[in-house]
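Please look at the model below. The report that follows takes up single residues, sheets and charged pairs.

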Amino acid sequence: MDTIVASMRQWADTKPEAVVFTFVNKHGVTSEYTPRAVYEQAGRFASRLRRYGFTKGDVIANGLPNSPERLVTDMGIIMAGCVMVNAQVGVSLYWHCPIAPSLTKLLLCSRVEGYLTPLLQDLGQDEIFSDAETSPSDLAVLFTTSGTSGFSKLVPRTHEQILQAGRSFEGGNVKYYSDRPFGWMGGFPFDYIVRCSHRVLQDKLTDDFAETSTDIWDVISREQCTGAAMLPIAILDLIHTYTTSKPSYKIPFIVTGGQPITRNLSPAVGLLTDALVVTYSSTECAMVSVGVVTSADQMKDNFVGKPGKDVSLTIVDDSNNPVATNEQGLILLKSPFILTNYLPAVASSSIFTPDGYFITGDRGMLDESGNLFCFGRAGDVISQGPLLVYTSWPEKVLSKCPDVADVVVLVMSVTDNAAGFYACVVPKPGSTVTKESLMDFYTSSFMTSITSEKFKPELTDIFLFERFPQTFTGKVNKPRLKDLVLQQLCVNSTAIA
């Protein structure tokens with residue numbers, strides 16, 4: 001199995017009737033797919049693409065949400081020898097692709113009878129096509145980064161690289177719930193391609209997909225999933241929901257990451273799951289570190305486990321000198337899964353050190369046991385008094401308030417003022433907390449046992465939100481959040497990233 005297409009063909013031949021995808025909404029199962037069904041329908045879509053004039057190496061942007069149609073079209077694009085890039089409808093993605101400089105064709109997809117014949121129904125008339133010339137070194141996917149910087153960068157991956165990354169993930173005979181988007185590295189169907197394992201996900205072309213954390217948990221319980229991928233904010237919401245009554249189902253493990261990891265997640269162990277698997281990964285690096293938490297007292301703020309066996313990781317200061325154990329610095333990485341460059345390419349010196357380490361842009365720390373702690377982006381810092389203060393410090397203090405469900409501290413410069421910290425808070429459901437009471441909590445925290453720090457980072461202001469804007473990968477969309485803060489301030493100014 002040296003290409004994605006060869007792997008798909010093998011599973012279709014050796015495990016034709018195994019269920020590999022169960023699409024659901026909050027009422028039940030909408031459809032199930034076997035390796036044979038995926039291969040045949042994707043092959044028919046590949047045939048149609050060739051008939052439309054697409055050839056090997058053409059880039060095709062897919063704007064469908066997670067659904068059977070998205071699965072079939074993504075895999076069909078790859079079977080046709082073309083390159084898939086995400087362009088999910090309803091998401092602000094800005095990227096430039098030099099190998100696809102202009103739009104040449106637009107393919108419309110429908111599920112209901114009307115002007116268009118439903119796509120999956122219409123494919124039954126096409127022959128199965130698979131590009132026989134596809135090689136391991138051919139591009140298969142242009143993954144998009146999460147866009148937290150305001151635009152998405154393109155990370156090209158070949159068939160060989162995707163298979164290699166998929167084999168680096170630990171897997172097994174599990175029924176795994178994951179709603180991460182297909183077009184993102186964290187949601188791409190590695191589990192099917194590499195292991196032919198079973199994934200449960202929502203059919204987002206229906207009107208009745210589960211949106212709230214409790215609805216999603218009901219889906220996981222109903223389908224008796226043995227594993228799930230969930231963002232920290234969703235886990236925290238479930239912890240709050242089940243404060244007074246235990247859920248009827250406990251899942252063997254939950255994988256989480258993509259947002260700051262805090263000790264507030266610790267009640268999930270024993271309540272929602274037997275094990276919380278914390279991770280640190282990125283589109284550029286694939287999986288970097290994994291940690292398994294099986295008891296609440298193991299959970300620590302910012303803990304993301306130990307680096308993988310193929311990962312070489314070092315923490316350096318601003319002069320690129322290694323720091324001591326338990327000291328924070330910039331995370332640098334080497335691994336077989338690091339990108340070669342972005343598309344379009346950027347200067348190598350801007351993403352790699354002279355000795356070949358990838359510059360992640362994240363701050364981290366290694367303890368004496370080799371555990372990695374990730375504190376966020378290196379640019380989230382300002383100078384206050386004698387210190388450089390990172391946003392993770394005030395975030396950690398505010399997160400301890402019992403009324404806070406989620407908190408993000410932004411570095412912004414408004415009008416002619418110097419850069420300051422602006423805290424954005426999502427209160428827990430039913431909370432009557434105000435920005436004034438939160439500021440009182442924050443100030444008093446530095447005079448109590450909550451923190452032993454003598455220096456108090458100054459907060460310029462606090463803003464309350466029902467929810468934070470998100471990128472298509474579920475991360476907080478900080479550029480959009482800054483715009484919302486500026487709207488509340490009724491000013492038009494440039495925020496410091």
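## Thr 134 and its surroundings

Leaving aside neighbours within four places in sequence, Thr 134 is in contact with Thr 3, Lys 56, Gly 81 and His 159. Contact here means heavy atoms within 4.5 Å. This is a predicted model, where local features need pLDDT of at least 70, side-chain atom pairs count only at pLDDT 80 or more, and totals for chains, interfaces and linings use all residues. Residues are numbered from 1 along each chain as its sequence is written, and side-chain values use heavy atoms, with hydrogens and water left out.

Thr 134 sits in the loop between H4 and strand E5 (139–144). Helices (H or I, at least four residues) and strands (E, at least two) are DSSP runs, numbered from the N terminus. Thr 134 counts as buried, at 15% relative accessibility. Buried means under 20% relative accessible area, exposed over 50%, and partly exposed in between, with a 1.4 Å probe and protein chains only. Ser 266 is 132 residues from Thr 134 in sequence; C-alpha to C-alpha, the two are 46 Å apart in space.

## Two open sheets

Strands E20, E21 and E22 form an open sheet in the order E20-E21-E22, with mixed pairing. Two strands pair if DSSP finds at least two bridges between them. At the edges are strand E20 (404–412) and strand E22 (459–464), each pairing on one side only. Neighbouring strands of this sheet are turned by 20° against each other on average, direction ignored. Axes are lines fitted to C-alpha atoms, for helices over the stretch in contact, and angles run from 0 to 180 degrees between N-to-C directions.

E20 and strand E21 (residues 420–427) pair in the antiparallel sense, over 8 bridges. Within E21, Tyr 422 is the bridge partner of Leu 410. Two helices belong to this picture. Helix H10 (residues 392–399) lies across E20, E21 and E22 and runs at about 155° to E20. Helix H11 (residues 435–445) packs on the sheet and touches E20, E21 and E22; its direction makes about 135° with that of E22.

Another open sheet has 4 strands in the order E14-E15-E16-E17, with antiparallel pairing. Strand E14 (312–316) and strand E17 (372–377) stand at its edges; each has a single partner strand, so one side of each is left without a neighbour in the sheet. Here neighbouring strands are turned by 45° against each other on average, direction ignored. E14 and E15 pair over 5 bridges in the antiparallel sense. Ser 312 stands opposite Lys 334 in E15.

## Salt bridges

The structure holds 17 salt bridges. A salt bridge is a side-chain nitrogen of Lys or Arg within 4 Å of a carboxyl oxygen of Asp or Glu. Among them are these pairs:

| Pair | N to O distance |
|---|---|
| Arg 111 and Glu 69 | 2.7 Å |
| Lys 250 and Asp 274 | 3.3 Å |
| Lys 309 and Asp 310 | 3.5 Å |

Arg 111 forms its salt bridge with Glu 69. Arg 111 lies in the loop between E4 and H4, and Glu 69 in helix H3 (residues 68–79), so the pair ties together parts that are 42 residues apart in sequence. Arg 111 is partly exposed at 30% relative accessibility, whereas Glu 69 is buried at 3%.

The side chains of Lys 250 and Asp 274 meet in a salt bridge. Lys 250 lies in the loop between helix H8 (232–241) and strand E10 (251–256), and Asp 274 in strand E11 (residues 273–282), so this pair ties together parts that are 24 residues apart in sequence. Lys 250 is partly exposed at 40% relative accessibility. Asp 274 is partly exposed at 41%.

Lys 309 is exposed, with a relative accessible area of 79%. Asp 310 is partly exposed, at 39%. Elsewhere, a network of salt bridges links Arg 48, Arg 51, Asp 122 and Asp 126.

## Backbone details

A cis peptide bond joins Leu 343 and Pro 344, with omega about 0°. Pro 344 is in the loop between strand E15 (329–334) and strand E16 (358–366).

Gln 224 is not glycine, yet its phi is positive, near 50°. Gln 224 lies in the loop between helix H7 (213–222) and strand E9 (227–229). Its relative accessible area is 47%, so Gln 224 is partly exposed. Ala 286 also has a positive phi, near 60°. Ala 286 is found in strand E12 (residues 286–293) and is buried, with a relative accessible area of 3%.
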